[in-house]
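Student: Hi! Could you walk me through this model? I'd like to start with the contacts inside it.

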Amino acid sequence: MGKSHTSWLKGTVTIEVRGGSPEAFINEAMAGGVKLERLRRPSLELLQADISVTDFFRIKPFLKRTGCKIKVVNRSGMPFFLARAEKRIWFTAGLGLFFVMLFLLASLVWKVEVTGNVRLTEEEILTAARKEGIYFWQISYKLDDMNQISKRLAAALPGTNWVGVEKKGTKINIQVVEQTIPKPLPLNSPRHLIASADAVVTQIVADAGKPMAAKNKKVKKGDVLISGIIGSEGNTRAIPAKGIVRGAVWYEYLLEAPLTHKMKVYTGNKKVSWHLVLGSRALKLSGFGQEPYSSSESLVDEERVGWRNWTLPIGRLKHTEMETMELERILTIEEAKNAAILQAKADVLEKAGLDAIIEDEIVLHEKTDNGKVYMKVLFEVDQSIVKEMPLVHMQGD
């Protein structure tokens, strides 16, 4: 059990120290073995700290010696939860009955999940699993060893290399790995390879077909780069042209970059509330009456109680609301330009393909007006310029 669980079971008190010498009180208490956590100072007159219930009853001598007074501002943990529960005996009895029912229900299989199947249907797998005793509302301890069930399912399901069966609480996962069947190679029809954009050819390699362009030659969009028609006049045939053709392509961008950058930051202020989780419901235990910040982000951390391989539907939930604020940063002209060009480069590479290379960038025009930098930028990109163009089947030999 972790430190947070232990603290919750023992109980924690948040105290507010005022008057006298708070610093001397802190030093003497900690020297005396009292653990004070999350020390904070809301104001010059006040000092707040978290202390366990056990240590709370040990601090009286330190208060007298330092002339300090304390006020309890918050209580949390199991002792206080039980104290409140004692006042509601029927609620406590119902909660106890709930735990008993919960334990009984945790012994049943509530869900069977199938993953990894492609050719086999889920119903086929569930039917085979049902024969092994895996089905909804089955009692967990009646099931055979999971490894043995896995082997028998793999033998019973055709076309599988491996079947894994794993029990997680009230859920059973059946993972299927099917045999790999190689895909038939596509039958390519006769085609030309043509230029997908205006470019200057930087590389051309014809694996099949007749090259119609050469390195350093300028081509226009639609020009034939590698012809799918081979042979001499009167004795030609059409084939699927194959090869690699790369070229230098130019992209022109009109960019505008603001000289201010807004960002969201955390102020460090936060408010925490705790909830008791029962199934899909959460009962708030602390943090009442807290007003939300004008701008904030929420962080939810849920912890469930586990026993052996079971995860029970009971636990606690910590809700932290963190105050945020928006800051505005003034950029230099160079910083604004770099940010805009970087974004444009990402767009260029998305359009040009993963194997594209930006060879050069040229700022053709630049001006600053009304808090923004305006630019016209030309990017030179080395990329694949191949596009397929089907051919009508040709006769002749």
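Tutor: Happy to! Contact here means heavy atoms within 4.5 Å. This is a predicted model, where local features need pLDDT of at least 70 and side-chain atom pairs count only at pLDDT 80 or more, while totals for chains, interfaces and linings use all residues. Residues are numbered from 1 along each chain as its sequence is written, and side-chain values use heavy atoms, with hydrogens and water left out.

Student: Great. What does L255 touch, not counting residues up to four places away in sequence?

Tutor: L255 touches A340, I341, A344, V373, Y374, M375 and V377.

Student: And which residues touch the most other members of the largest nonpolar core?

Tutor: V219, Y251, L255, F379 and I385 do, in a core of 31 residues. A nonpolar core is a set of buried Ala, Val, Leu, Ile, Met, Phe, Trp, Tyr and Cys residues joined through side-chain atoms within 4.5 Å. Buried means under 20% relative accessible area, exposed over 50%, and partly exposed in between (1.4 Å probe, protein chains only).

Student: Which elements each supply at least two residues of this core?

Tutor: Among them are β15 (242-258), α9 (333-352) and β21 (372-384). Helices (H or I, at least four residues) and strands (E, at least two) are DSSP runs, numbered from the N terminus. There is also a second, separate core of 19 residues, which includes L120, L126, L143 and V165.

Student: Switching topic: how many aromatic pairs are there?

Tutor: The count comes to 2. Rings of Phe, Tyr and Trp (its six-membered ring) pair if their centres lie within 6.5 Å; planes under 30 degrees apart count as stacked, over 60 as edge-to-face and the rest as tilted. F56 and F57 form an edge-to-face pair, 5.5 Å centre to centre with 80° between the planes. Y253 and F379 are edge-to-face too, at 5.8 Å and 80°.

Student: Last one: what is β1 joined to by 7 bridges?

Tutor: Strand β4 (residues 69-76), running antiparallel to β1. Two strands pair if DSSP finds at least two bridges between them. In this pairing, I15 stands opposite V72.
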